[in-house]
Amino acid sequence: MQIWQQAALYIWRRKQQSCMWLAVLSIALAAIYTCLTVNRTIGEMLRQIEQVTEASASLSRKDGRRFSEATLNELRRNFNLELINRLAVSQAMLPTGAGKVFAGKQTVQLDNQAEVNKLLGVYAVDDSSRRSEFLSGRFKLTAGRHLQSRDRNEIMVHESLAQLNGWKLGDTISLSEWKLKNTVSNSEGKAESDLPPGKVQGEVQAAVKYRLVGIFAGVKEEHFQGFSSDLSENTVFTSYNMDGGGEPAESAKAVKQVDFWSKDKNFLRQLQENYANYLEDAAAYQVLPVIKQANDTQDSFRTLQTLVRLLTLGVIIAALSVSALILLVCLRNRIREIGILLAVGRDGKGIIRQLITEQLYLSLPAILLAAVSGPWLQKQLAADLMSRADTGGAWTFAVGSWPEPMTLLASYSLLVGIIISAVIIGAGIFLRRKPREILAKMS
């Protein structure tokens, strides 16, 4: 009878012991798979953050005014820049009876204070996760997800504002943009939100509906000028693009800041030295590195990556130790069988090969159990790690509901190595005795 047949018969005869081994191998494989998946995810996040911080730049006007995105076309062509994020800032009102906003301590009194106490600060962005408020940790995502470039008419709100109005994820929120009547215009003719002295008058635009996809918490740096929209609790983020042919929102047609990325890591220095050649009124603009606070996020994720690697090493050592100890106990119970095999001429290597074959048989259904339980374990580990990390909620673990084949294969390869090592250690300790000693103790 072949070794693989003997291994199969033994597993069938010892069903209770086989189930115990299956549980041990399944737990070990699921733990290894979870650690490897989370470690790979953290590595991808670190690469994304490095991409943002090492080869990115932010363009804005020195006076903080808005400018037309079209003025950047020549700059983008000459430096082969890829767009990361656009920012447009505006103010909006909730329709009458549709909700409330927070009122702050009035450091500046305006003639129409009742009107400006109903305003929300609206930040239209392509990717909210890469805004400085989140990368610096001032804001932190608490529910839902961040806004992405493909979004249309989505919104994120502060959790205090959501609690005040009873909003939850998936709700529809209507906002009417509020524009100043007596505004100041820049050189391009775009209306500015700068407060002129004296009485402030505004007009309300048609309401636009948004779907609530994210809720955040925290306090930003506030400069309260008498508008309720200056408060952190009244801050909302909306998707830059709106329905209707992919055109940007009315408030986003003139941007306040644009973030770029280039494949060339040296482009930032070149851009800072030469951007004036491709912009009209270049002296009014500035080019700065994108979000230096991301460096703190990098450090947090590097710490997490080290913890996960140590956890993976601990799981491997624990699985090897437990497997070797259990195997020693099982071999002690199989002393009669081993004695008979030795008596009929089977050598120690043949017994070790049979033991390894038995474990490999049992490890096959463990793959299915690990694949099923892996995503749930990953979410639990990711949630625990993110609660310990100071990442500002800007970067979240993208844990899928389906197993990663290559990661699962790598995890199974490690499990096979653990099985072989445990059998060699356990059986080696037991079989180092001479066959005569084992046979003498059969009684």
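Visitor: How many cavities of 30 Å³ or more does the structure hold?

Guide: The structure holds three. This is a predicted model, in which local features need pLDDT of at least 70 and side-chain atom pairs pLDDT 80 or more, while totals for chains, interfaces and linings use all residues. Residues are numbered from 1 along each chain as its sequence is written, and side-chain values use heavy atoms, without hydrogens and water.

Visitor: Why is such a space called a cavity?

Guide: Because it is a set of points, on a 1 Å grid over the protein atoms alone, where a 1.4 Å probe fits but cannot get out.

Visitor: What makes the volume of the largest cavity about 80 Å³?

Guide: Points are joined across faces, edges and corners, and the volume is the space filled by probe spheres set on them. For the largest cavity this gives about 80 Å³.

Visitor: Which residues are closest to its centre?

Guide: Of the 13 lining residues, they are Tyr10, Gln17, Trp21, Glu358 and Gln359. A lining residue has an atom within 4 Å of a point. Helix α10 (348–388) is among the elements giving two or more residues, and α10 gives the most, with four. A helix here is a DSSP run of H or I with at least four residues.

Visitor: What lines the second largest cavity, of about 50 Å³?

Guide: Its lining includes Leu331, Arg334, Glu337 and Gln354. By class, the lining has five nonpolar, one polar and two charged residues.

Conventions. 1 Å grid on protein atoms, 1.4 Å probe; cavity = no way out; pocket = protein on both sides within 12 Å on 5 of 7 lines; lining within 4 Å. Nonpolar A, V, L, I, M, F, W, Y, C, P; charged D, E, K, R; others polar.
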